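Please read the following report alongside the sequence and the coordinates.

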Amino acid sequence: MSSRLRSEWHCRDRAPECAYRQAMDSTIVREEFPEIVRNGAFGKNLQYVSFDLDKDHVGQDQYMSTVLFGTVTTSDGSKFPVVIKLKLRNEKHRVQFKIDSQFHNEITMYERVIPFLLQCQRSMAVVGDWSTFARFFYGRNKCGEYFERDLIVLENVNPLGFRLSEARLFLDYDHLVAACRALAKFHGLSYTAKYKDPHHFQKVIKDIRDTQFNIDGQWIFKNDAMRRFGKRGVDRLLERSGDLYRDNEHLRRFNVLIDDGNNSLRQALVPREPFSVVCHGDFNRNNMLFRYDEAGHPVDVLLFDFGVPRYGSPVVDLSFLFYMNTTQKMRESRWDDLLNTYCLTLAETVPSGIRVPNRAELDSEIAKCAYYGFAHASFFLAHQLEHVVTLNEEMSDEEIVEWLLQLGGDTVTDLVADMVQHIVDMKYTNV
């Protein structure tokens, strides 16, 4: 392995540089806030007083942006705890991961899509506990030479009792149930909006940009990455259970999927009516905050980080959640329970008479779209377990793929094999 591949570019190894970057970013934020406040982001007829950076509160697990926490004080004495997202400074990674499009999407979701979905829900006189979102204050995405000053300002909901789960990756059953319920409520908004105002629904979702593929139609990782990520699990599954799986029809079909990885992913992402919804697109432990009762049980979930939404099967979100945040043991023991929780909550969330998928229909969707969750978990799971902050800026496309394939060693290889085994056992190869 080259020295560049061994360098994981952890922020703790670059403390002086990180401190300098944070100081520069906070300076930019302070320069921008007077106009943001003056234009009414925090209320009418207010002036900016100060922005105080919370230097001890760093953004955890945010790989596609720089995150600052702080407090904005306005002329009426109000104090607003905020989270500020800024774009990555490295141009290669900003282009590769389509950060400009991610900022566009997040601003679009908060300014247009989510308000429309909630408006439709209210107009149907639905009484219930709706999806929870952070308050959106401001977003700008001018790009080009102005990219360093592009930012998104959201409410910091930590003071309201929301926080990341203590488990960094694999969630327990109670957290998974809470996540499934929150996801069902979010998806339910789409079904209600499609029923209430289908024309405007189609209009607002057209502004969501694709972030999976580049202008050449290639996936974000090049060099046959999807096949190589999948083969890591297939080879290990055959090593440990070759007699059971070597001639398995669905393992053969899975190999066909990963051999044509880009097209397989496109097929999994094709919207199919009547069950397509606005998907979060990156629905996993990193992008949900939990609120707990006095006994420590999760009772509410807030969804955030809407940079990669898309219109497609609800399984886009379900498969990402389950393959990223469940162990093989959890999938084997609680798969039906979790899917039933999602279906039951979904049916309870929408007004009477609105069509939503039942369990059998959802199972059919999973067989067609579960590949989405695997494709992303096959590399991102390793990234999470290794606590890696970001990529080495000097890596080539091939070095990035090789680096991801080596992350986590045998532990991650076994976890990827577990996912392959589950897909094969469940016959989720109808992409």
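The report below starts with the basis of the values and then turns to the features.

This is a predicted model, in which local features need pLDDT of at least 70 and side-chain atom pairs count only at pLDDT 80 or more, while totals for chains, interfaces and linings use all residues. Residues are numbered from 1 along each chain as its sequence is written, and side-chain values use heavy atoms, with hydrogens and water left out.

The protein chain has an average pLDDT of 91, and 90% of the residues score at least 70; pLDDT is the predictor's confidence in each residue, from 0 to 100. Over residues 1-14 the pLDDT stays under 50, and the model has 30 contacts for them beyond four places in sequence; a contact means heavy atoms within 4.5 Å. Where pLDDT is low, the predicted coordinates should not be read in detail.

Helices (H or I, at least four residues) and strands (E, at least two) are DSSP runs, numbered from the N terminus. Helix α7 covers residues 225-245, and its end C-alpha atoms are only 23 Å apart, against the 30 Å that a straight helix of 21 residues would reach at 1.5 Å a residue. The expected span is 1.5 Å times one less than the number of residues. A kink of about 75 degrees in α7 is centred on Glu-239, the bend being the angle between axes fitted to the seven residues ending there and the seven starting there. Among the buried residues of α7 are Met-226, Phe-229, Leu-237 and Tyr-245; buried means under 20% relative accessible area, exposed over 50%, partly exposed in between (1.4 Å probe, protein chains only). Elements covering them include α8 (249-259) and α12 (359-385).

The largest nonpolar core has 117 residues, and Leu-265 and Trp-219 are among those with the most contacts inside it. Such a core is a set of buried Ala, Val, Leu, Ile, Met, Phe, Trp, Tyr and Cys residues joined through side-chain atoms within 4.5 Å. Its largest share, 14 residues, comes from α12. Beyond four places in sequence, the contacts of Leu-265 include Trp-219, Met-226 and Tyr-371.

| Residue | Phi | Relative accessible area |
|---|---|---|
| Cys-143 | about 65 degrees | 16%, buried |
| Asp-224 | about 60 degrees | 39%, partly exposed |

Asp-224 lies in the loop between α6 (198-205) and α7. A cis peptide bond, with omega about 15 degrees, joins Glu-273 and Pro-274.

The structure holds zero disulfides, a disulfide being a pair of cysteine sulfur atoms within 2.5 Å. The sulfur of Cys-279 is too far for a bond because the closest cysteine sulfur, in Cys-369, is 8.8 Å away.
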